[in-house]
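Good morning, colleagues. Please look at the sequence and the structure on the screen, and I shall then take you through a few parts of the fold.

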Amino acid sequence: MKKMFSFLLVISIMLSCVIAIPTASAVTLKSGNYEYKLLDDGTVSIVKYLGKYGKKVDLKIPSKLEGKKVTHLGRYVFWNKNFNTVTIPDTVTRIHSEAFTSHIENLVI
């Protein structure tokens with residue numbers, strides 16, 4: 001009986017380790033000037049801006065990347081970058097409190 005219990009315990013521990021393996025959504029992908037991650041609901045979180053920036057640059061965040069709706073802006077996405085105007089689409093429902101650690105003249109939502 002003890003052997004059976006030990007065997008079941010080992011199996012349950014192994015299964016819990018398999019369940020804890022990160023899903024493919026943890027992979028960072030790239031589209032144009034953005035790095036993003038796929039979220040469990042099939043939408044996208046932008047995690048990094050790769051494009052040009054400066055005081056006279058206007059940035060229009062896309063509502064979709066690779067056909068998937070952009071719903072989140074992650075931490076430090078626009079870290080240490082300056083923009084004249086940033087336009088955020090209405091698809092974005094969550095913006096990390098530290099997404100914009102930069103200077104923005106105008107913000108359009």
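In what sense, parallel or antiparallel, do strand 5 and strand 6 pair? Before I answer, please note that this is a predicted model. The pairing of strand 5, residues 64-65, with strand 6 is antiparallel, and two bridges make it up. Within this pairing, Lys64 has Lys69 of strand 6 as its bridge partner. The two strands form a hairpin with two residues between them, and in that hairpin Glu66 adopts a positive phi near 55 degrees.

Strand 6 also has other partners. With strand 3, which covers residues 44-49, strand 6 (residues 68-73) pairs in the parallel sense, over three bridges. Here Val44 stands opposite Val70 of strand 6. A further parallel pairing joins strand 6 to strand 8, residues 94-95, over two bridges. In that case His72 has Arg94 in strand 8 as its bridge partner.

Let me now turn to strand 1, which spans residues 28-31 and includes Leu29. Finally, Leu29 and Val47 are separated by 18 residues in sequence, and their C-alpha atoms lie 9.5 Å apart in space.

Thank you for your attention.

Technical notes. Residues are numbered from 1 along each chain as its sequence is written. This is a predicted model: local features need pLDDT of at least 70, side-chain atom pairs count only at pLDDT 80 or more; totals for chains, interfaces and linings use all residues. Side-chain values use heavy atoms; hydrogens and water are left out. Helices (H or I, at least four residues) and strands (E, at least two) are DSSP runs, numbered from the N terminus. Two strands pair if DSSP finds at least two bridges between them.
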